[in-house]
Amino acid sequence: MAPFAVLAGIAYASCESSQEEPVTTSAIDSPLSPELARQWLERWDRQQEGYIPQREGRFRAIVELVREVCGDAPLVLDLACGPGSLTQRILEAIPGASVVAVDLDPLLLAIAKAALGDAEGRVTWVEASLAEPSWLEALGGRPVDAAVSTTALHWLDADVLMGLYRQLGAVVREGGVFLNGDHMDYPASERGIGAAARAIRDRRTEEAFAAPEMEDYQAWHDEFRALPELASLIAERDRRFESRGAERWRAGYEMHRAGLLNAGFREVTTVWQDLDNRVIAALR
Ligand SMILES: C[S@@+](CC[C@H](N)C(=O)[O-])C[C@H]1O[C@@H](n2cnc3c(N)ncnc32)[C@H](O)[C@@H]1O
């Protein structure tokens, strides 16, 4: 199979089913050296903290809930894992955990794979779109104990997100948990509170990036993409994401909650929150 060609035709926001298979890979196919990849992962984490000041607290809540609900040796799905920040924290905090980490971006996965490797067989990297039901094939029919995601599912259109939640309702074992950390709009009935929370968030971000040493996403992105090692992946990455506009719809808290309840999760609530930055937990 030619992995990149397989994914090239995916309509990012589409929910259409496909016969295409996801690409499951090990550490060795990254063009980056482990040392270089670790530097770029650290820089990713720093710039993301400018947008999400409590990012580590949010990670901690997710990891602790996974361990509390699922025990010391869970199989965890990291959805839209990017360069592997959350996967890294799960591996470090839960030595018995295994992770299946999925993302569509070959550049960010190049960091993840080289920086973290396969963690002695504990991580499987999957290059696939969550908008395509075939990403589930990477699990080989196994149920998972937990599914997690951070700063990512707002990329999915409503029908794709609801479809993903239905898939999670089927794949997360009974008694398992789904945890999603992201900015989620307040309900319409709390519009005033939501607007104030959003204004505070914007001000914090502005202050964070006012520091001279602070790099923002655009600066990170531009310098990273200029690495000669990545030249062969750039065109494919851009093709996969070309339909993404600058301003996108994003699901609010109520929609996430309703979608998860409809998908068969029996308890859904906020377990961690900083303004509109929440971790929503769903118990299967
Ligand atoms: C802001 S990054 C977050 C990465 C990581 N979870 C973190 O917290 O640092 C959003 C991620 O969503 C991924 N993504 C967007 N659409 C996707 C899709 N349809 N399928 C899989 N991953 C997707 C992007 O490639 C990117 O890695």
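In which sense do β3 and β4 pair, and over how many bridges? Hold that thought for a moment, everyone, while I cover the ground rules.

This is a predicted model, where local features need pLDDT of at least 70, side-chain atom pairs count only at pLDDT 80 or more, and totals for chains, interfaces and linings use all residues. Residue numbers start from 1 along each chain as its sequence is written.

Now, back to the opening. β3 and β4 pair in the parallel sense, and five bridges hold that pairing; two strands count as paired if DSSP finds at least two bridges between them. Going from β3 to β4, the chain passes through α5, and the β-α-β crossover is right-handed. By that I mean that, with the strands pointing away from the viewer, the path from the first strand over the helix to the second runs clockwise.

Strand β4, residues 123-127, is mostly covered, with four of its five residues buried. Buried here means that 20 or more other C-beta atoms lie within 10 Å of a residue's own, exposed means 12 or fewer, and partly exposed is in between, with C-beta atoms placed from the backbone.

Let's look at the helix in that crossover. How many residues of helix α5 are buried? Eleven of its eleven, across residues 106-116. Among them are P106, I111, L116 and even K113.

The largest nonpolar core has 72 residues, and V66, V102 and I111 have the most contacts inside it. The largest share of this core is nine residues from α5. For the record, a nonpolar core is a set of buried Ala, Val, Leu, Ile, Met, Phe, Trp, Tyr and Cys residues joined through C-beta atoms within 7 Å.

Which residues come nearest to the ligand, of the 19 around it? They are A80, G82, L104, D105 and T150, where near means a C-beta atom, placed from the backbone, within 6 Å. The elements giving two or more residues to this shell are α4 (85-93) and β3 (98-103). By type, the shell has eleven nonpolar, six polar and two charged residues; Ala, Val, Leu, Ile, Met, Phe, Trp, Tyr, Cys and Pro count as nonpolar, Asp, Glu, Lys and Arg as charged, and the others, Gly among them, as polar.

A80 itself is found in the loop between β2 (75-79) and α4. Its phi is near 60°, a positive value in a residue other than glycine. A80 counts as buried because it has 22 C-beta neighbours inside 10 Å.

Next, strand β5. All seven of its seven residues, 144-150, are buried, so β5 is largely enclosed by the rest of the structure. On one hand, β2 and β5 pair in the parallel sense over three bridges, with D78 opposite V148 in β5. On the other, six bridges join β5 to β6, which run parallel, and V148 stands opposite L179 in β6. β5, helix α6 (residues 158-171) and β6 make a right-handed β-α-β unit.

From β6 we move on to β8. Seven bridges join strand β6, residues 172-183, to β8 in an antiparallel arrangement, with V177 opposite L283 in β8. Strand β7, residues 267-274, is also antiparallel to β8, joined by seven bridges, and T269 stands opposite A281 in β8. Six of the seven residues of β8 are buried, so that strand is largely enclosed by the rest of the structure.

β7 and β8 form a hairpin with two residues between them, and L275 in the turn has a positive phi of about 60°. Is L275 buried, exposed or partly exposed? Partly exposed, because it has 18 C-beta neighbours inside 10 Å.
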